[in-house]
Amino acid sequence: MAYSITHECIGCSVCMRVCPVDAIIGKPKERHRIVSEICIDCGACGRICPHASVKNPKGELCERIRIRSRWPKPKFDHQRCMGCTICVEACPTGCIDLKTDRGNRETLRYPFLKKARNCMGCTFCMLECPVDAVYMDQRVG
Amino acid sequence: MNRSYMGKVLWVDLTTGRITTETIPDDLYNRFLSGNGLAAWLLYRRIPAGADPLGPDNILGFVSGVLTSSGSLFTGRWMVVGKSPLTGTWGDANCGGNLAPGIKGCGVDGIFFTGQSDRPVYLYADTKGAELRDAIHLWGKDAIETERLLVDEHGSKQRARVACIGMAGERRSLISGIVNHGGRLAARSGLGAVMGAKGLKAVVLCGSRRVHAYDPKAMKALSLACNEHVAFQPPFLNGTMTAYLGALMRMLPTQMKLDGMLYKIMLSKWGTVNQNQMAIEMGDAPVMNWKGSNRDFGLDKSKLIDPDEFTKPVVAKYFCYSCPLGCGGISLAPDGKTEVHRPEYESTIALGGLCLNEDANSIYYLNEMLNRAGMDTISVGGTVAFAIECFEKGLLTPKETDGLKLTWGNTDAIVRLVEKMVKREGIGDLLADGTRAAAARIGKGAEEMAIHAGGQELGMHDGRYDPGFALHNVVEPTPGRHTIGAYMYYEMFQLWREIPDLPDPALFYLKRSKYRANREKAAMGAACSQYMNVINGAGCCLFGALMGAHRIPLFDWLNAATGWKQTPEGYLVIGHRIQAVKQLFNIKQGINPKDIRVSKRVLGDPPQQEGANKGVTVPLEKLRRYYWSGMGFDPETGVPTSECLARLNLTI
Ligand code: SF4
Ligand code: SF4
Ligand code: SF4
Ligand code: SF4
């Protein structure tokens, strides 16, 4: 399963720059292609493509979210979070980190979105949290 | 098909630089899981007999488990495997930290290194592929610094997880390990030396491939239920009371079957150091190179390692990947800025009571020094205690020790000695390969004071207190390990709830009964070995498993993750198969299982005159025969019988 690029693609390379795993290849102004063995289905290319040329693995055309700061971003529910770092490791762009709070031997360090600009709204952090402590906030970045 | 494992492993030939991917058939996962299990099968077949552990023929593997990143909890452990240069046997070491999801993130279940590079290199791998890169600039740097530099270089737009060696591995110290996440070690079996000998400084894993379980909904439900147990954390005793509890347990003639929930609560509160004083008081912790007892390191001497006192510098909990419990501790170094890992129980006893060292600060200091050097604190503590006893007996004199007065509890001398071991300087060079090698060079009967099993220094759990430890020290294909089996582990695993055929120990029993060798004890030991292989194949943490099989749904997770419909009994058969392969590995490498011995002293031969374990002797030979026959191995030789191999479907 992987994302794919349709013949509408004009080769603007915007998707190439956002792809966290360099799965997109192609020359400028020519139709680009997604290497399916590399693609991790994050959907960033679909959210960014200005020419409605990216399809998700189900074959549906992806919807562009014009302003990047409106892309969904994670929020963390400290009541539920157990500090397991799964979300930290799940993030393909490494933008989640643990707070450096200091207390005592029973203090938990909670995750937070450290590099919000790198977040590409893939929701992996939310999907992988075993206790539903991550939710996506769509309003502002 | 979503089965949680990646179905591939990476092979890196360090001699030629060639990197290839091998597809692993489903059948092998069915039979061996992944982690140590799959690795044991591959290495058994591919390391030639008689291979030099420090030569190009040895294979060094970094492996994740079937459950790594699948949505389960406690399953963030990774393992390193190879032929051990310390024991010559099957070698493995286990570590938490954050490497395991990195391995699968790169699309493989394991990364195996063959050959030997003539210049220092590191492996860089991500979602796209892998390549070897030059590591000249990193060679000579300590492990924590190396990790920092590599994360800075590769981790700005992606996650970079690093495992590397420090100076000890570079200098091929046979008691060196491999370091991850700021000083967590896959410490045992001396595999840091193998990495050093291969010229491999580090592996850097930046992949972000996702792992897909067969039934993610079921995974989630199981994890939520498991977390309920972990979250149960009533207020508990303070530190001092743990010591009194230990003393009380020493005085009673009876013992109570342990429930892992109690241990979980203490582990969550203090980390492994919850046991510091308790274990000394009840006789689980060895003292004074295993010849002393709680009498030599009483509450007055151990007060600085009281769990409350000892964890004062801790500022936050530390969690391995995917762990809901977080038994680690991030603590502040005396400079008030640098964050270091709090020493674990094993390190605290090995560098403390085992050498009669009362100075808790020195334990923090040595722990960090050894984490940076990438050296095994257990083996270092064991070797220092050995050196002190040699000094006491006159086998080492100030002339050989470079002037150090190696007396019991001499903190300054101990610190200087460990520094020398890291640098392989003077007396340090003699000791940097552990007690067996040092005793052979010292001669004059020093072997008697070298406390090891098959060459590996023992973990800080006394077989005279729990004979299960003594048994597993010698019957495991990796001798001298404390993380595989013990009677107390068996009690806490509570496997009889899942497998009714297994013995259910009485709630209260006489301590005396622990020293009887019989079929029931053998069944307990065999179940521990088998279950631990399943735990390692899954990539799970022993501490999670100690909560009890009814609280940590390991078998159910495995089924939900893979789509298998295996029974708990079926999983133990897999564990049994893995154990048999590791045993065959040793036999192929010329190790006669019967020759794996442990020092007589730790068996109570002669029995101790005072203290918690006064007067007891472990009937090890008898126990081992029962264990071997229970495992389907020849009771006299330890060689798996042909019926056993046929039953395990192991056609060699
Ligand atoms: S879905 Fe993500 S990983 Fe796949 S091509 Fe698009 S941006 Fe790259
Ligand atoms: S949605 Fe979550 S996992 Fe994805 S990039 Fe943003 S923070 Fe990372
Ligand atoms: S995955 Fe969930 S529980 Fe774990 S640290 Fe992230 S938010 Fe917390
Ligand atoms: S219990 Fe401790 S060692 Fe085990 S995974 Fe959790 S933090 Fe790591």
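**An enclosed helix**

Modeller: Helix α23 (residues 554-562) of chain B is largely enclosed by the rest of the structure, because eight of its nine residues are buried. This is a predicted model, in which local features need pLDDT of at least 70 and side-chain atom pairs count only at pLDDT 80 or more, whereas totals for chains, interfaces and linings use all residues. Side-chain values use heavy atoms, without hydrogens and water; residues are numbered from 1 along each chain as its sequence is written, and chains are lettered from A and ligands numbered from 1 in the order in which they are written.

Biologist: Which residues of α23(B) are buried?

Modeller: They are L554(B), F555(B), W557(B), L558(B), N559(B), A560(B), A561(B) and T562(B). Buried means under 20% relative accessible area, exposed over 50%, and partly exposed in between, with a 1.4 Å probe and protein chains only. Helices (H or I, at least four residues) and strands (E, at least two) are DSSP runs, numbered from the N terminus.

Biologist: What covers the buried residues of α23(B)?

Modeller: The cover includes α7, α21 (519-538) and α24 (568-588) of chain B. After α23(B) comes G563(B), with a positive phi near 85 degrees.

Biologist: Why is S4(B) called buried?

Modeller: The relative accessible area of S4(B) is 1%, and the term requires a value under 20%; therefore S4(B) is buried. S4(B) lies in the segment before β1 (8-13) of chain B. Leaving aside residues up to four places away in sequence, S4(B) touches V66(B), S70(B), K104(B), V211(B), H212(B), A213(B) and A561(B). Here a contact means heavy atoms within 4.5 Å.

Biologist: Why does G459(B) count as buried?

Modeller: G459(B) has 2% relative accessibility, so it counts as buried. G459(B) is found in the loop between β18 (456-457) and α19 (467-475) of chain B. Its contacts, again without residues up to four places away in sequence, are R188(B), W290(B), E346(B), I378(B), G480(B) and H482(B). G459(B) and P286(B) are 173 residues apart in sequence, yet 9.1 Å apart in space from C-alpha to C-alpha.

**The two chains**

Biologist: How many helices and strands does chain B have?

Modeller: Chain B has 26 helices and 19 strands. Of its 652 residues, 68% are buried. Chain A comes to four helices and eight strands, in the order β-α-β-β-α-β-β-α-β-β-α-β along the sequence; 53% of its 141 residues count as buried.

**Where the chains meet**

Biologist: What area is buried between chain B and chain A?

Modeller: The area is about 3,100 Å², and carbon and sulfur atoms give 49% of it. Buried area is the accessible area (1.4 Å probe) that two parts lose on being put together, summed over both. On the side of chain B, K128(B), R159(B) and R210(B) lose the most area to chain A, together 19% of what that side buries. The contact takes 40 residues from chain B and 36 residues from chain A.

Biologist: How do the residues on the side of chain B that touches chain A divide by class?

Modeller: They divide into 15 nonpolar, 13 polar and twelve charged. Ala, Val, Leu, Ile, Met, Phe, Trp, Tyr, Cys and Pro count as nonpolar, Asp, Glu, Lys and Arg as charged, and the others, Gly among them, as polar.

**Around the ligands**

Biologist: Which residues surround ligand 4?

Modeller: They are R77(B), Y318(B), C320(B), C323(B), G326(B), C327(B), C541(B) and F543(B). A residue is near a molecule if one of its heavy atoms lies within 4 Å of it. This shell has six nonpolar, one polar and one charged residues.

Biologist: Which residues come nearest to ligand 2?

Modeller: Of the 14 residues around ligand 2, C91(A), C119(A), C122(A), T123(A) and C125(A) come nearest. The shell around ligand 2 has eleven nonpolar, three polar and no charged residues.
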